[in-house]
Amino acid sequence: KLTNEDLATMVETSDEWITSRTGIKQRHVADKTEMTSDLACEAAKNALENAKIKATDVDLIIVGTTTPDDTFPATAVKVQSRLALKGGAAFDIQAACSGFIYALSVADNMLRTRQIYTALVVGADTLTKLLDWNDRSTCALFGDGAGAVVLQGRELNSNENPSGILSTHLHSDGNLRKILYCENNLGKDDVIRSIKMEGPELFRHAVTNLSDVVLEALAANNLSASDIDWLVPHQANKRIIDSTAKRLKLNGDKIILTIANHANTSAASIPFALDVAVKD
């Protein structure tokens with residue numbers, strides 16, 4: 001666990017500076033010997049236990065991650081191996097902080113088309129391994145973590161209200177790739193590349209896009225913001241979440257917040273927040 005006070009001994013910053021701009025008070029850092037798959041496996045085991053589903057029932061594992069253990073094979077096959085599974089499919093999805101949502105969408109569609117029956121979807125990242133600890137604009141923002149959900153398909157009775165995932169809405173804009181990125185280190189010089197970010201530009205797009213996609217999802221399901229019981233947003237920055245809530249006219253007590261204790265855990269952020277919310 002690395003608090004803001006701890007970080008202030010490593011780089012020119014302070015608890016007040018970080019908290020006022022991000023809402024982050026601390027973050028967790030994986031040990032050098034601890035890999036993304038280690039976190040993913042723990043989250044997967046916890047999710048299966050919580051769902052009271054045997055690992056042998058799982059026929060699909062998707063891990064959303066930007067920090068795989070290896071270039072290949074997928075981190076998901078390590079999870080598959082540690083769960084002692086020999087059948088079904090296992091693969092990774094790399095979509096940075098939205099990786100869990102992309103993975104969830106793929107699993108949802110495979111369930112709907114009856115290609116599978118039980119899916120384990122994991123979001124896991126160890127982004128601290130990609131940080132420049134001398135860059136205060138990025139090193140204070142990220143932490144390591146993992147979260148997982150179990151999905152199962154089932155038939156609905158004709159008079160039964162649908163439950164589970166109502167719809168998914170995905171968007172990308174490759175023209176904005178340079179506002180947050182990390183180059184790989186393959187076939188290049190000996191310089192280790194780290195996360196680069198244009199903070200103000202990223203903030204502007206995040207506030208607009210997060211609220212827009214919520215409104216899109218609501219409209220697709222004939223709902224309004226007043227119908228929302230809980231909003232579980234990506235935990236990147238409390239100011240982004242607060243601005244989104246203001247635009248949607250949502251009270252703060254309807255929003256799940258974990259960023260203070262865990263910072264931005266990338267693809268792990270949403271399933272992590274879901275886990276915290278379910279247990280509360």
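1. Leu-7 counts as buried because its relative accessibility is 0% (buried means under 20% relative accessible area, exposed over 50%, partly exposed in between, with a 1.4 Å probe and protein chains only). Please keep in mind that this is a predicted model, where local features need pLDDT of at least 70, side-chain atom pairs count only at pLDDT 80 or more, and totals for chains, interfaces and linings use all residues. Residues are numbered from 1 along each chain as its sequence is written, and side-chain values use heavy atoms, leaving out hydrogens and water.

2. Leu-7 sits in helix α1 (residues 4-8); helices are DSSP runs of H or I with at least four residues, strands runs of E with at least two, numbered from the N terminus. Setting aside residues up to four places away in sequence, Leu-7 touches Leu-2, Thr-13, Ile-18, Arg-27, Trp-133, Cys-139 and Ala-140 (contact: heavy atoms within 4.5 Å). Between Leu-7 and Arg-136, 129 residues apart in sequence, the C-alpha to C-alpha distance is 9.1 Å.

3. Now to the sheet: it is open, has 4 strands in the order β4-β3-β5-β6, and its pairing is mixed (two strands pair if DSSP finds at least two bridges between them). At the edges, β4 (89-93) and β6 (144-152) each pair on one side only.

4. Strand β3 (residues 60-64) runs parallel to β4 and is joined to β4 by 5 bridges. Val-63 has Asp-92 in β4 as its bridge partner.

5. Helix α5 (residues 99-112) lies across β3, β4, β5 and β6, at about 170° to β5 (axes are lines fitted to C-alpha atoms, for helices over the stretch in contact, with angles from 0 to 180 degrees between N-to-C directions).
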